[in-house]
Amino acid sequence: MPLPPLPPLKAVTVTHVRYHRGDRLGHFLAWISLVPVFISLGGFVSHFIFRRELQGIFFFLGLLVSQFISENIKAWVQQARPETCALLEMCDSHGWPSSHSSYMFFFATYYTLLTYRGIGLADTKNKPLACFLPWFLAVLTMYSRVYLGYHTVGQVFAGATLGSVIGWAWFWLVNTVFCRYFPAIEESAFGRRFYIKDTSHIPNVLKFEYDNARAARKNLEFKSN
């Protein structure tokens with residue numbers, strides 16, 4: 001008895017970025033397209049493992065919310081990708097808005113608002129410099145999606161606008177509404193079990209932790225002597 005035909009194969013496209021062989025700029029921009037993956041896995045996962053701060057956790061939750069909204073809008077609008085999608089094997093997915101652009105502009109917007117609120121930063125003079133890299137990467141990611149043929153200009157600008165708006169709205173929610181519950185989360189059984197903490201009330205977290213680490217080491221040396 002013949003076997004039923006198998007459904008067509010579909011790739012996991014999170015790290016599946018194509019560029020033309022020999023195109024050095026395309027090769028570079030293909031890696032730039034993976035910046036959201038690096039931020040999620042290398043940045044927020046390591047942040048949770050080693051820092052476990054509520055601001056960082058809610059930052060990451062906001063990125064997930066932004067991605068969820070972006071993907072649902074895509075499914076609702078169902079705007080096709082540019083014609084180059086055939087070469088990229090991406091024609092079975094929709095292009096408006098660009099999820100990569102949405103992700104990166106959410107990240108840049110939220111990070112900038114955190115920076116100018118002075119949460120976790122030491123020197124106010126460094127704020128413009130600290131905010132340059134996220135915005136530079138966001139614009140470069142947006143450009144890479146058009147250059148590599150995954151999106152049209154309109155699709156990446158739609159994603160950038162969506163990400164910026166959600167980033168601002170989520171920042172307002174976290175630091176106006178959700179932050180009221182941070183002390184309760186810290187004192188909960190879950191917070192105590194996993195050492196969840198809120199340091200947003202400390203003006204200079206790096207200096208605070210540095211001073212306390214030095215004081216603990218000196219106290220240990222004093223006791224040993």
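Which residue forms a salt bridge with glutamate 53, and how far apart are the closest N and O atoms? The legends below, which describe a predicted model, begin with this pair.

**Figure 1. The salt bridge of glutamate 53 in the predicted model.** Side chains of opposite charge can pair when their charged atoms come close. Glutamate 53 pairs in this way with arginine 51, and their closest N and O atoms are 2.9 Å apart. The relative accessibility of glutamate 53 is 11%, so this residue counts as buried. Arginine 51, in contrast, has a relative accessible area of 27% and is therefore partly exposed.

**Figure 2. The salt bridge between arginine 192 and glutamate 187.** A search of the whole structure gives two salt bridges, and one of them joins arginine 192 to glutamate 187. The closest N and O atoms of this pair are 2.6 Å apart. Arginine 192 counts as exposed because its relative accessibility is 55%, a value over the 50% cut-off. Glutamate 187, at 49%, counts as partly exposed.

Figure 3. With a relative accessibility of 23%, arginine 52 counts as partly exposed. The place of glutamine 78 is the loop between H3 and helix H4, which covers residues 85–88.

**Figure 4. The packing of helices H2 and H5.** Two packed helices are described by the angle between their axes and the distance between the axes. For helix H2 (residues 35–50) and helix H5 (residues 99–116), the axes come within 9 Å and cross at roughly 50°. H2 and H5 are therefore oblique to each other. On the H2 side, the contact is made by Val35, Pro36, Ile39, Ser40 and Phe44. On the H5 side, His100, Tyr103, Met104 and Phe107 take part. The residues of this contact of H2 with H5 comprise seven nonpolar, two polar and no charged.

**Figure 5. The packing of helices H3 and H5.** Helix H3 (residues 54–77) packs with H5 at an angle of about 150°, and their axes are 10 Å apart. H3 is therefore roughly antiparallel to H5. The crossing of these two helices, H3 and H5, is right-handed. Residues of H3 in the contact include Phe59, Gly62, Leu63, Glu71 and Lys74. Among those contributed by H5 are Ser102, Tyr103, Phe106, Phe107 and Leu114. The contact of H3 with H5 is made up of eight nonpolar, seven polar and two charged residues.

**Figure 6. The surroundings of serine 101.** Serine 101 is located in helix H5. Is this residue, serine 101, buried or exposed? Its relative accessibility is 0%, so serine 101 counts as buried. If neighbours within four places in sequence are left aside, serine 101 is in contact with Met142, Val156, Gly159 and Ala160.

Figure 7. Of its 225 residues, 37% count as buried. Among contacts between residues at least 6 apart in sequence, 72% join residues at least 24 apart.

Conventions. Residues are numbered from 1 along each chain as its sequence is written. This is a predicted model: local features need pLDDT of at least 70, side-chain atom pairs count only at pLDDT 80 or more; totals for chains, interfaces and linings use all residues. Side-chain values use heavy atoms; hydrogens and water are left out. Axes are lines fitted to C-alpha atoms, for helices over the stretch in contact, and angles run from 0 to 180 degrees between N-to-C directions. Helices (H or I, at least four residues) and strands (E, at least two) are DSSP runs, numbered from the N terminus. Angles under 35 degrees count as roughly parallel, over 145 as roughly antiparallel, 65 to 115 as roughly perpendicular and the rest as oblique. Contact means heavy atoms within 4.5 Å. Ala, Val, Leu, Ile, Met, Phe, Trp, Tyr, Cys and Pro count as nonpolar, Asp, Glu, Lys and Arg as charged, and the others, Gly among them, as polar. A crossing is left-handed if the near helix is turned anticlockwise from the far one by less than a right angle, and right-handed if clockwise. A salt bridge is a side-chain nitrogen of Lys or Arg within 4 Å of a carboxyl oxygen of Asp or Glu. Buried means under 20% relative accessible area, exposed over 50%, partly exposed in between (1.4 Å probe, protein chains only).
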